[in-house]
Amino acid sequence: MIEATLSAALLASALLPGSTHPAASDLDALFPPATKAMVVTSGPESEKFTYYDLVRQYAQATDQEVTMTEATESALRSLSVGLSRSFVPVEQVQHTFETLLAGAGFVVSPPKVAEVPIIGIWSKYGPERSALRGDTTFLEADQVALAAKHPAVLFTATIELPNTDTRQLSNSLRTLLVDANTQQVLPAGTTGSMVLVGLGEHIAGLAKALRDIDEAAGRERLAIERRAEVLSLSHAKAVDLARICALVFEAQTDGGEQEAVHHGGPRTKSLFIVADARTNSVVVRGTAEELERVTRLVAELDKESAGGK
């Protein structure tokens, strides 16, 4: 059943933009599941099947109440769906419904209380558009990728970008945001965190791109932070010990004798181990963590053998 108007108290407590939704612990349960398939008019009669008709079909398929403003209802009635098929299976009802609405410029607000299955629909171009960002559903960082399941729902999430200057990045990203009412990026102070606001597919894709950039920056920083250290040996032979370390840590060598003894998985690209037979030393180049691990192993192996030989 569709209600164009509800009491002011119900709207304020359940759906009105400006009152955010609690964190979503289970995105699959964000909306009550459909119990019926949807039948959408297609073919020559499809031009008469509007988005308002689609909403009515969805309400019947999910046993939910739907509320909207007069401006949104008018927009829904003015647009034809034009779907090429007439039958939407039960398991595809939610995603199909949201995909169609999102493509036409509408936002869907999930129920705030499970016991009161009332959803809201808002036009991104209606009078309420400036308040849409206040009607978001909060996501945990590890759930952001799953937001793509709900392309018409507005989400807010905070992701960690420890290797990125989030202030500079947010300034650059703002030029790419095409809808200020449903898209936002904000640096969380100097913590290396970024607050993202966006519709499901947008926020999922943006978060993945930002994390990929951050991981690349981290790898680059590690490469820059590499340093070399010379480990002098008292008992072991440098060539033998370098060979053992290269095998243990799957490190790169000098391409000579030690290269032939490498077996197993891929080498650690940032770690390089080579023997200097002249000074009986092992030269190690890598990150601080890699140098520490190699140094510990060298100290364990560079001991006088039994009998003092």
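Let's start with strand E6, residues 118-123, which is mostly covered: six of its six residues are buried in this predicted model. Here, buried means under 20% relative accessible area. Now look at which way the residues point. Ile118, Gly120 and Trp122 head one way from E6, while Ile119, Ile121 and Ser123 head the other way. Both sets are buried.

You can find both kinds here. Strand E3, residues 65-68, runs parallel to E6, and four bridges join the two. To spot one of these pairings, find Val66, whose bridge partner in E6 is Ile119. Strand E5, residues 106-109, is also joined to E6 by four bridges, but this pair runs antiparallel. Here you can look for Val108, which has Ile121 as its bridge partner in E6.

Four of them make an open sheet, in the order E7-E8-E10-E9, with mixed pairing. At the edges sit E7 (137-139) and E9 (184-187), each pairing on one side only. Neighbouring strands in this sheet are turned by 20 degrees against each other on average, if you ignore direction.

Four bridges join E9 to strand E10, residues 193-199, and the two run antiparallel. For a landmark, pick Leu186: its bridge partner in E10 is Val195.

How values were computed
Residues are numbered from 1 along each chain as its sequence is written. This is a predicted model: local features need pLDDT of at least 70, side-chain atom pairs count only at pLDDT 80 or more; totals for chains, interfaces and linings use all residues. Side-chain values use heavy atoms; hydrogens and water are left out. Two strands pair if DSSP finds at least two bridges between them. Axes are lines fitted to C-alpha atoms, for helices over the stretch in contact, and angles run from 0 to 180 degrees between N-to-C directions. Buried means under 20% relative accessible area, exposed over 50%, partly exposed in between (1.4 Å probe, protein chains only).
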